[in-house]
Amino acid sequence: MDQIDAKLLHLLAENADRTSAELVPDLNLSIPAINKRIAKMKASGQISKVTILTSPKLIGKPLIAYVMLVLRRFSQKSELLDYVERDIDILECYAITGEYDFILKICASDIDALEAKLLHLKDKCGVSKSNTILTLMQHKFNPSPLPDSKT
């Protein structure tokens, strides 16, 4: 990845709706050259997905929680991961080190909906212990790690 690719990623991260024609002045490249770079980054996996970002509050899911989980038996991992994949309110899932096995980022409409998810995890997915952290205010959100570049 060169500096132009890094700058292109930064520009697309700010607004993925920008057309190649709109990127020409910032990159000093032709439209076909920009398209070729984007296609190459997609093919290599550097760009894995182009999506939208929603406002949890405006779509009726203002409660964001981070839930750390311990499984009763690690053999229940597939049950947990299957549920995580199916539940659209579970936004992220990571295996972690330390006292807990996994951490989930969950959005919910209210505390009752979150409690229902936690009870399901304990009852059906083999979770023996959980620790839930509710978010108060989002101060920074950067949905994709970008390369360090001098843009």
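**Cysteines and glutamine 46**

Biologist: Where is glutamine 46 placed?

Modeller: Quick caveat: this is a predicted model, where local features need pLDDT of at least 70 and side-chain atom pairs count only at pLDDT 80 or more, while totals for chains, interfaces and linings use all residues. Residues are numbered from 1 along each chain as its sequence is written, and side-chain values use heavy atoms, with hydrogens and water left out. Helices (H or I, at least four residues) and strands (E, at least two) are DSSP runs numbered from the N terminus. On that numbering, glutamine 46 sits in the loop between helix 3 (31–44) and strand 1 (63–71).

Biologist: Which residue's side chain makes a polar contact with the side chain of glutamine 46?

Modeller: A polar contact is a pair of N or O atoms within 3.5 Å; within protein, one must be able to donate a hydrogen and the other to accept it, and residues adjacent in sequence count only if both atoms are side-chain atoms. At 3.2 Å, the partner of glutamine 46 is serine 44.

Biologist: How many disulfides does a search of the whole structure find?

Modeller: A disulfide needs a pair of cysteine sulfur atoms within 2.5 Å. The sulfur of cysteine 125 is 11 Å from the closest cysteine sulfur, in cysteine 93, so that's too far for a bond. The whole-structure count is 0.

Biologist: And what is the relative accessible area of cysteine 125?

Modeller: Buried means under 20% relative accessible area, exposed over 50%, partly exposed in between (1.4 Å probe, protein chains only). Cysteine 125 counts as buried because its value is 2%.
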